[in-house]
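Me: I have a structure open here and would like to go through it with you. Could we begin with what lies inside?
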Amino acid sequence: MDIPKPRYPGAVFHSEKLAGFQYHCSMSKCRFMDTSTGWLLYHGSEIHPYSLEFECPSDGVVGRWSRELQPIIEQVVQEKIDEGFDLENAKQRAKIEAQRAGLG
Ligand SMILES: [Zn+2]
């Protein structure tokens, strides 16, 4: 299965478990839905460090977080750590990428 490339800065890893969540687009007049692509984002924020890459068919990609996503995000992050994924290294790279893009 092909994993889509991340388009929003600060991507950490991709998981199918994080793909397919839908919310109304964050642009006020847009009638489309944002759908999560499966990419976890990290911008170094202290409040809720992770967000997900979402895509609107009209507005493109954006990073979004919601309280109801937090449990699945934490579960998938823990599974990745248990698999031996080098999370700290990936977070460091993501943070630098996000800062270069003016985020975080
Ligand atoms: Zn939109």
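Reply: Buried residues make up 29% of the 104 residues in the chain. A residue is buried if 20 or more other C-beta atoms lie within 10 Å of its own, exposed if 12 or fewer, and partly exposed in between, with C-beta atoms placed from the backbone. Please note that this is a predicted model: local features need pLDDT of at least 70, side-chain atom pairs count only at pLDDT 80 or more, and totals for chains, interfaces and linings use all residues. Residues are numbered from 1 along each chain as its sequence is written.

Me: Which helices and strands are there, and in what order along the sequence?
Reply: The chain has two helices and four strands, and the pattern along the sequence is β-β-β-β-α-α. Helices (H or I, at least four residues) and strands (E, at least two) are DSSP runs, numbered from the N terminus.

Me: Which residues touch the most other members of the largest nonpolar core?
Reply: They are Leu40 and Leu41, in a core of 15 residues. A nonpolar core is a set of buried Ala, Val, Leu, Ile, Met, Phe, Trp, Tyr and Cys residues joined through C-beta atoms within 7 Å. At least two residues of this core come from each of β1 (11-24), β2 (33-42), β3 (50-56), α1 (70-82) and α2 (87-100). The largest share, four residues, is supplied by β2.

Me: What does Leu40 contact?
Reply: Leaving aside neighbours within four places in sequence, Leu40 is in contact with Val12, Phe13, Ser15, Leu18, Tyr50, Leu52 and Ile73. Two residues are in contact if their C-beta atoms, placed from the backbone, lie within 7 Å.

Me: Turning to Ala94, where is it, and is it buried or exposed?
Reply: Ala94 is in helix α2. It is buried, because 23 other C-beta atoms lie within 10 Å. Not counting residues up to four places away in sequence, Ala94 touches Gly10, Ala11, Val12, Leu41 and Tyr42. The C-alpha atoms of Ala94 and Tyr42 are separated by 5.9 Å, although these residues are 52 apart along the chain.

Me: What about α1: how far apart are its end C-alpha atoms?
Reply: They are 18 Å apart, which agrees with the 18 Å that its 13 residues should span at 1.5 Å a residue. The expected span is 1.5 Å times one less than the number of residues in the helix. Just after α1, Gly84 takes a positive phi of about 95°.

Me: Finally, how far does the C-alpha trace span along its principal axes?
Reply: The trace spans about 40 × 30 × 30 Å.
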